[in-house]
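Student: Hi! Could you walk me through this one? I'd like to start with burial and then look at how the chain is organised.
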Amino acid sequence: MMIAKQKPRCLLGMFLILFLGLSMGIMAQDLRLALIPEQLRPGEPVTIGITGATVGADTKLWAELINAQGRRLSRASFFSLTMDQDGATVKAAILAVPCTSGPGPALIRVQQGSGSIGEMNITILPRDFVSEEIALDQNNTELRTVADPQKTTEANTLWAILSRTGADLYTTEPFKPPVTTTRRTSFFGDRRVYKYVDGSRDTAIHAGIDYGVPTGTAVTACAPGKVVLARPRIVTGNSVILEHLPGVYSLYYHLDKIEVQEGTLVKGGDRLGQSGATGLATGPHLHWEIRVAGENTDPDACIAHAVLDKDTLLGKLIPIH
Ligand SMILES: [Zn+2]
């Protein structure tokens, strides 16, 4: 049996350990944190739970995903989730790893004001995305390239919706696909090259899944939620957006007909409209997209697991020191 000999640590190292220990103790106080999952791929969502005597219902906290280079990749506000058995507020935040992130170790940092109050390690796994080239006709080329103040107004309205963290929890269940077909014509995170009619090119990342369905196919809500947008848009055609959780939205584009109104509540599986080819589309299809704290998020990850698995999150809360 080999016994490793302990080397005496240098004085500076000991001071560093003492300082880190003290600062962690001050930082952590009585906080308990939970993270689901602890390993994930670009485009996948992560839920963070936090509780403790210092976490009041009105305490403004947010979670940040920081990569190994110290760069902030994404950020989300905490919202009130529930009370634990001792009457303490439990808060949660949902964010997503951007689909442009590289693999490697990262951390989730909980911020209050300008300071960090707790951190947990997380691993971003490697992921490959499909590349595709799409030739656009005159009309579709103009939709992408011609400046139009209406397009800017619509983009600003969309961003105001997607960047909002509400307080309502409409679902804690996994999502269901919005059409019954499994035929996909584009995938989440596809690296796209658009070829314009004049031969020039542009690149983009496909933010959702395209289902190849004929015009008139029923499109249904992927989960219970509130209709926060139901109107025509220049680029995305007839569009519906549902809010499901604070900062979590599903988007349905290029519809032939919209069958819901803004402000109404829907159940999972309720009809939202019929698929079509309105807006920037090279043929009939449904574009289905999920946004988490503004970030494009892989719909398949939201089908495989609940975005907010409340019971599991509550069961995983552990002291962070
Ligand atoms: Zn699409």
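Tutor: Happy to! First a definition: a residue is buried if 20 or more other C-beta atoms lie within 10 Å of its own, with C-beta atoms placed from the backbone. Keep in mind that this is a predicted model.

Student: Okay, what percentage of the residues in the chain is buried?
Tutor: Buried residues account for 35% of the 321 residues.

Student: And how many helices and strands are there?
Tutor: The chain has five helices and 23 strands.

Student: What does the C-alpha trace span along its principal axes?
Tutor: About 75 × 45 × 45 Å.

Student: Switching to domains, how is the chain divided?
Tutor: Into domain 1, made of 11-127 + 307-319, and domain 2, covering 131-304. Their C-alpha centres are 30 Å apart.

Student: How many residues does each domain bring to the contact?
Tutor: Domain 1 contributes 17 residues and domain 2 contributes 18 residues.

Student: On the domain 1 side, which strands each supply at least two residues?
Tutor: Those are β5 (72-77) and β7 (89-96). The largest share of that side, four residues, comes from β5.

Student: How do the residues on that side divide into nonpolar, polar and charged?
Tutor: The side of domain 1 that touches domain 2 has 10 nonpolar, three polar and four charged residues.

Student: Last one, back to the whole chain: of the contacts between residues at least 6 apart in sequence, what percentage joins residues at least 24 apart?
Tutor: For the chain, that figure is 69%.

Methods. Residues numbered from 1 in each chain as written. Predicted model: local features only at pLDDT ≥ 70, side-chain atom pairs only at ≥ 80, totals over all residues. Domains from an automatic or database assignment. Contact = placed C-beta atoms within 7 Å. Nonpolar A, V, L, I, M, F, W, Y, C, P; charged D, E, K, R; others polar. Buried ≥ 20, exposed ≤ 12 C-beta atoms within 10 Å, placed from the backbone.
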